[in-house]
Amino acid sequence: MARRQTPQVSSRKQPKQARSNELVTTILQAAVQVLEKEGASRFTTARVAEKAGVSIGSLYQYFPNKAAILFRLQSDEWRQTLQMLRNILTDQTQSKLERLRALVHAFIRSELEEAKMRGALDDAAPLYRDAPEAREAHAEGARVYQDFFDEILSEHPAETRALVCDIISTTLSTVGKEFSSIPRTSAEMERYAEALADMFCAYINSLST
């Protein structure tokens, strides 16, 4: 059986001048518009180049294929989400449960605000999910969660901390995606996030009883 080829998702080169940065920004903005309008199945480099008003050759200077463009959009989204998580989970002015509650609210809000784009990127995931860069991005996200639970559950065994991390991060991701699959009001989002946070906090407290 032929070995499955790993897609190339890294950019060909990094822009170093202001003009090059502007070109890449224009391409990525066009890519977002094409993805939202056409969906992952009809997303092509030709459509992105046309939307951006640049030649296909100019696009290929920075992105070798459509998978590279889509992965860049996905990695930018991951990076923003990870920074949000870090800011919340490392805030030592808040108690551990306050941080967990803030995390749930911020995550659910983010899922709702970015639902359309995230849905399209999920559809495109088979193009790049096996690439080393994608695996590393997922691993980085897992480390952010694990570091938090290692901190707040330091008196518990490593196996317990790992289990709690897996249960909460998986549940948060799964139910957040499901909840955002249809439009919700701000009030609905707040009630849902608060109920989910209550459940997580009760679980954490139960470990000490």
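Tutor: Let us begin with the term itself. A pocket is an open set of grid points where a 1.4 Å probe fits, with protein on both sides within 12 Å along at least five of seven lines, and its lining residues have an atom within 4 Å of a point. Please keep in mind throughout that this is a predicted model.

Student: Which residues lie nearest the centre of the largest pocket?

Tutor: The general idea is that rolling a probe the size of a water molecule over the atoms shows where empty space is left. Here, 28 residues line the largest pocket, and those nearest its centre are Trp-78, Phe-107, Glu-111, His-138 and Ser-173.

Student: How many residues of the lining are nonpolar, polar and charged?

Tutor: The lining of the largest pocket divides into twelve nonpolar, ten polar and six charged residues.

Student: What is the secondary structure of the protein as a whole?

Tutor: The protein has nine helices and zero strands. Read from the N terminus, the order of elements is α-α-α-α-α-α-α-α-α. The C-alpha trace spans about 65 × 40 × 40 Å along its principal axes. Of its 209 residues, 39% count as buried.

Student: How should I read the confidence values, and where is confidence lowest and highest?

Tutor: The average pLDDT of the protein is 86, and 91% of the residues score at least 70. Confidence is lowest in H6, with a mean of 76, and highest in H2, with 96.

Student: How does one read burial along a single helix? Which residues of H2 are buried?

Tutor: A residue counts as buried when its relative accessible area is under 20%. In H2, the buried residues are Thr-45, Val-48, Ala-49 and Ala-52. Viewed down the axis of H2, these buried residues fall within an arc of 100 degrees, so they line one face of the helix. Val-48 is also one of the residues with the most contacts in the largest core. Just after H2, Gly-53 has a positive phi of about 75 degrees.

Student: Which residues are buried in H6, and which are exposed on the face turned away from them?

Tutor: Met-117, Arg-118, Ala-120, Leu-121 and Ala-124 are buried in H6. Down the axis of H6, the buried residues fall within an arc of 160 degrees, so they line one face of this helix. The face turned away from that buried side carries the exposed residues Lys-116 and Asp-123. Asp-122, also in helix H6, is partly exposed, with a relative accessible area of 36%.

Student: Why does Glu-113 count as exposed?

Tutor: Exposed means over 50% relative accessible area. Glu-113, in helix H5, has a relative accessible area of 58%, and therefore counts as exposed.

Student: What of residues in loops? Where is Pro-183 found?

Tutor: Pro-183 is in the loop between H8 and helix H9 (186-206), and is exposed, with a relative accessible area of 79%. Pro-183 and Glu-151 are 32 residues apart along the chain, and their C-alpha atoms are separated by 36 Å. Gln-94, in the loop between H4 and H5, counts as partly exposed at 34% relative accessibility. From C-alpha to C-alpha, Gln-94 and Gln-29 are 37 Å apart in space, and 65 residues apart in sequence.

How values were computed
Residues are numbered from 1 along each chain as its sequence is written. This is a predicted model: local features need pLDDT of at least 70, side-chain atom pairs count only at pLDDT 80 or more; totals for chains, interfaces and linings use all residues. Side-chain values use heavy atoms; hydrogens and water are left out. On a 1 Å grid over the protein atoms alone, a cavity is a set of points where a 1.4 Å probe fits but cannot get out, and a pocket is an open set with protein on both sides within 12 Å along at least five of seven lines; lining residues have an atom within 4 Å of a point. Ala, Val, Leu, Ile, Met, Phe, Trp, Tyr, Cys and Pro count as nonpolar, Asp, Glu, Lys and Arg as charged, and the others, Gly among them, as polar. A nonpolar core is a set of buried Ala, Val, Leu, Ile, Met, Phe, Trp, Tyr and Cys residues joined through side-chain atoms within 4.5 Å. Buried means under 20% relative accessible area, exposed over 50%, partly exposed in between (1.4 Å probe, protein chains only). pLDDT is the predictor's confidence in each residue, from 0 to 100. Helices (H or I, at least four residues) and strands (E, at least two) are DSSP runs, numbered from the N terminus. The arc is that of the directions from the helix axis to the C-beta atoms.
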